[in-house]
Each structure stands twice: as structure tokens, then as C-alpha cells.
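Try each task yourself before you look at the worked solution.

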Amino acid sequence: MNRQFLTERPIDLELLISRVESDERGGIAVFLGTVRNHHGGRAVERLEYSAYGPMAEAECARIVAEAERTWGTTVAVEHRIGALGIGDVSVAVAAAAAHRDEAFAACRYVIEEMKRRVPIWKREYYADGTVAWVDPTAPGGIHLSEERTL
Amino acid sequence: MTENRPSVTLTVQFLARYAELVGAESTSITVRAPATVAHVLGIVRSQFPGARQIPDRPLVALNLAQVDLSTVVSNGDQLALLPPVAGG
């Protein structure tokens, strides 16, 4: 199987869901992460995702396999890379199971583990012309990297 | 090299913000064997002043899997220094 988890194109939700649906699965849980227009009191205008591609693909594959094994689900995941605007879908998870409990549990597990383990990074471009790397471990959650004149 | 100890040459990649701090995306490091990830990090810090801003114990991947600093490196390894992840 040669799945691509990272994509530079908009995520096709219908296609993602079609990859997990089947007659014996009665529940599909879907999570969408979207680009927020604020962070730590700053107005965000757009952002850029970058990844350590080969490792991100491998880590996503491991997380999906864990969820499928643990809950007997089928899971599909895509994460955007590159430039995104406010409201764009940055990540989508679809988990299908015979019943909803397993679908919800698997979907939740996959998004939490992705945020914890997959080497993807985010640069935020603010309305005041500054740019920062988002770092959940840093004070204030960001490292301002440069001043920009727009 | 005048000593008999073999050396190990590996690629070190700097990802995202770390590439910005270091001013490079990757470099080749040669270190005397046996060497750990921590040894390699020490050499990187001595060669790239910007790398001194990388935390003492960064996230490190060796050949696409996360490892700790005591892991022994081998010839041809791909070592990557990863900032705290922020996807989703």
C-alpha cells in the first residue's frame, strides 16, 4: 500500500470518507482541523506547514495501524503541507467502524497522536507583519523568527 | 587520522526552525567511533554557532525513527534534529 498522508492540494473529504466506508461499518467519525484566525491574542492572516516528509509519512502510517488494530477500524488521514489561508482544512481524519464508539475512539486517538508525534511544523504570519514558528513547548507558544515588511 | 579507531560519517538534517537557527538544512559530520547522538550534537554545536540555540535535549530521529541521545550512530546514518512538533 502506497498511501500519501501529506498533501499540497486541498483535502478531498468525499474521497477520504469513501476510502473507509463499507457495508459492514455503521459509523464513520470525521475530524477536521482548520486554520484559526488568531493565536495568543495575535491576528493570524495565513500560515505555512512544513514537514520532515519521509518520517511524517512513516509516523502517520504507524498511528493509523495502531488505531486500526486497537479498535478494529479503518482509518484514512491527510495533512496539508504548504501555504494555507484562514478556514482552510489543514488535517482530516476519517475512522469507520461497525459501531460509533470505536469510530469516535479511533478518530480521537489518531488526531491526538498526530499532533504529538508527526514531524510537522507551522509558521504563522500575523496581521502586524511578524512571523513566528509555533512551538507548543515555548512560552506563549511561539518563537518570533523575523520582522517582515509586507 | 593517525589513530586506529574507525570513524563514522553521517548526515545531520536541521528541520524547520532549526534550519533557520543553524543557517543550513543539512551537513555531513565525521566522528570517531564509537559515537552517540550526543557526541554528534556536540560537534554540530562547535561547528555551527546558531546550533547552540537548539535545546540541550532536542527531539532526534535516526533513520526516520525517534531515538534518545545515548543511541550509537553508524556510518551512513541520517540524523535529524526536530523542533517540537506543531501539526494539526
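Along its sequence, chain A follows the pattern β-α-β-β-β-α-β-β-β-α-β-β-β. This is a predicted model, in which local features need pLDDT of at least 70 and side-chain atom pairs count only at pLDDT 80 or more, while totals for chains, interfaces and linings use all residues. Residues are numbered from 1 along each chain as its sequence is written, chains are lettered from A and ligands numbered from 1 in the order in which they are written, and side-chain values use heavy atoms, with hydrogens and water left out.

**Exercise 1. Getting to know chain A**

Find how many helices and strands chain A has, and describe its box.

Step 1. Helices (H or I, at least four residues) and strands (E, at least two) are DSSP runs, numbered from the N terminus. Chain A has three helices and 10 strands.

Step 2. Taken along the principal axes, the C-alpha atoms of chain A fill a box of roughly 55 × 25 × 25 Å.

**Exercise 2. A sheet in chain A**

Work out the strand order of the four-stranded open sheet in chain A, then find which helices touch its strands.

Step 1. Two strands pair if DSSP finds at least two bridges between them. The order is 1-5-7-2, and the pairing is mixed. Strand 1 (6-7) and strand 2 (27-34) of chain A are the edge strands, each pairing on one side only.

Step 2. Strand 1 of chain A runs parallel to strand 5 (residues 74-80) of chain A, and two bridges join them. Leu6(A) has His79(A) in strand 5 as its bridge partner.

Step 3. Helix 3 (residues 100-117) of chain A lies across strand 2, strand 5 and strand 7 (89-97) of chain A, at about 145 degrees to strand 7.

**Exercise 3. The sheet of chain B**

Trace the open sheet of five strands in chain B and find the helix that packs on it.

Step 1. The strand order is 2-1-5-3-4, with mixed pairing. At the edges are strand 2 (26-32) and strand 4 of chain B, each of which pairs on one side only. Neighbouring strands of this sheet are turned by 35 degrees against each other on average, direction ignored.

Step 2. Strand 3 (residues 59-62) and strand 4 of chain B pair in the antiparallel sense over three bridges. Here Ala61(B) has Gln66(B) in strand 4 as its bridge partner.

Step 3. Helix 2 (residues 37-47) of chain B packs on the sheet, touching strand 1 (7-14), strand 2, strand 3, strand 4 and strand 5 of chain B.

Step 4. Check the loops too. Pro34(B) sits in the loop between strand 2 and helix 2 of chain B, and the peptide bond to Pro34(B) from Ala33(B) is cis, with omega near -5 degrees.

**Exercise 4. Where the chains meet**

Describe the contact between chain B and chain A, and locate its salt bridge.

Step 1. In contact are 17 residues of chain B and 27 residues of chain A.

Step 2. The buried area (the accessible area, 1.4 Å probe, that two parts lose on being put together, summed over both) is about 1800 Å², of which carbon and sulfur atoms give 62%. Leu64(B), Val85(B) and Gly88(B) supply 34% of the area that chain B buries against chain A, more than any other three residues.

Step 3. A salt bridge is a side-chain nitrogen of Lys or Arg within 4 Å of a carboxyl oxygen of Asp or Glu. The count between chain B and chain A is one. Glu20(B) forms a salt bridge with Arg123(A), with the closest N and O atoms 3.2 Å apart.

Step 4. Turn to chain A for another example. Glu113(A) and Arg116(A) form a salt bridge (2.9 Å, N to O), and both lie in helix 3 of chain A, three residues apart, about one turn of the helix.

Technical notes:
Contact = heavy atoms within 4.5 Å. Axes fitted to C-alpha atoms, helices over the stretch in contact; angles between N-to-C directions.
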